[in-house]
Amino acid sequence: VIILFYMVFYYRGAGLVSDIALVANLFFLMGALASLQAALTLPGIAGIVLTIGMAIDANVLIFERIKEELAVGRTVKQALKEGYQKAYSAIIDANITTLLTAVILLVFGSGPIKGFATTLIIGIFTSLFSAIFITRIIFTNRLDKGKTLSFSSKLTAKLFSNSSIQFLIKRKFAYIISAIVIVIGLGSIATKGLNFGVDFTGGRTYVIKFDDKVDMEALRADLGQVFVDDKGNKLPPEVKQFGASNQVKVTTKFLIDDDGENVDEKVETILKKGLDMIGDDYSIQESRKVDPTITNDFKYESLMAVGLSLLVIFLYILLRFRKWQYGASALVAVFHDVLITIGLFSIFYGILPFNLEIDMAFIAAILTVVGYSINDTVVVFDRIREYLGLHKRKPTNEIVDDALNSTLSRTVNTSLSTFVVLLSIFVLGGDSIRGFVFALMIGVIVGTYSSLFIATPLLVDFSKNLKSSVEEEEK
């Protein structure tokens, strides 16, 4: 709802049209998922968030292009035609890179990765249809009826239009900041480690509800007394508050390698023995077991799917931009974003008051970060390539800075809109989903930063002469 109001505030009548397209897109997406009888999981929600971000991005790209055409004196009808035509390249490139990633994840991934990929593939097509065709039909219909179209309010008409930030001058400072954060994160991973869930280690999880608020420390102590192996070693389970103050999630790796009969019943009996020490006013709401062999298969499939996705992204960018530096810069930016996200999870594990567990949902969050980062970077690269062809007499650094400033409005609007969606889920979604959404929020912030201060500067540093490559391509 906040996004719907924001789009109207920023783009006036055009914002209202984009709202219609966005709502239609969600109906199409939900309808498609319902027809496939797909279960809506956390990875699926990640796919929906990325879909919403890309749908907003497509509309913002189109509207900003139309505003540029209006600013040089074209009529609304001419601006509409030129705006859509010039926005297609960036929209298609960004969506194809994400689509290729999603297809590979669907083919080579498993479980939650397939759920994420399915939602994302459907979302790409529904958002493209909604953002391009529905909006244009409405605009054309209004023009045919002689009605006016507005693409900005008085407050936002000239916002970012005179932006002249010198991004490239700040690149060494940005490199240093990023390097420091990554080194601290890797240091934390090496010393403190990560909070791997049962999806990666194997184990059993139980969600237990008590009638009254439970004393977490007392519960941990009691369960630690009963989970003892044959050698007398205590194997205390992990106990966390799960949602309300009277509900907990207990995770244990006790006897996970034991293939004997009635092992599940044995573990549950021991669990109940520990729970009875607190009192008998409880009920086990949910139990789940993940075998170590399944976790090994999941790790292999996840790494293979992500690795192939990155390779295909590099090859597509190489094909579209005709220069390996574009693909290499985009991939370095992606690795930068992923390393920072994982590093921050290690740094804040045990500090923040919500669960920062590395599980299947976290993998979906990382894949979303990859998709968002690539989408953002490709849009910026597309404008840089265009400006290099238009302004051949200007110095390269000045051209690149101009290109970045020209896409700043789009970058801010898309990132802000996606972040608002995530912030709403983070605040209202409950404890069990906060760690997952936290990863996505980090990804949006870092992905936006990296497209401006990491990917683009690296493109310039990797290339001896960006202009010459454009001229050769034209010849």
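## Strand pairing around β1

Y206 stands opposite S287 in strand β4. This contact belongs to the pairing of β1 with β4 (residues 282-290), which is antiparallel and runs over 8 bridges. β1 also pairs with strand β3 (residues 247-252), again in the antiparallel sense, over 6 bridges, and here V207 stands opposite K249. Two strands count as paired if DSSP finds at least two bridges between them. Strands (E, at least two residues) and helices (H or I, at least four) are DSSP runs, numbered from the N terminus.

Strand β1 (residues 203-210) is mostly covered, with 7 of its 8 residues buried; buried denotes under 20% relative accessible area, with a 1.4 Å probe and protein chains only.

## Basis of the model

The model is predicted: local features need pLDDT of at least 70, side-chain atom pairs count only at pLDDT 80 or more, and totals for chains, interfaces and linings use all residues. Residues are numbered from 1 along each chain as its sequence is written, and side-chain values use heavy atoms, with hydrogens and water left out.

## Packing of α3 and α4

The axes of helix α3 (residues 42-71) and helix α4 (residues 76-108) come within 7 Å and cross at roughly 145°. Axes are lines fitted to C-alpha atoms over the stretch in contact, and angles run from 0 to 180 degrees between N-to-C directions. The residues of the contact of α3 with α4 comprise 15 nonpolar, 3 polar and 4 charged. In this division, Ala, Val, Leu, Ile, Met, Phe, Trp, Tyr, Cys and Pro count as nonpolar, Asp, Glu, Lys and Arg as charged, and the others, Gly among them, as polar.

## Aromatic contacts

The whole structure contains 23 aromatic pairs, defined by ring centres within 6.5 Å; planes under 30 degrees apart count as stacked, over 60 as edge-to-face and the rest as tilted. The rings of F345 and F438 have centres 6.0 Å apart and planes at 35°, so this pair is tilted. F345 lies in helix α11 (residues 324-348) and F438 in helix α15 (residues 431-462), 93 residues apart. F345 is buried, with a relative accessible area of 1%; F438 is buried as well, at 15%.

F438 also forms an edge-to-face pair with F354, at 5.5 Å centre to centre and 65° between the planes. F354 lies in the loop between α11 and α12 (360-390), so its pair with F438 ties together parts that are 84 residues apart in sequence.

Key. Buried < 20%, exposed > 50% of the residue type's maximum accessible area, 1.4 Å probe, protein only.
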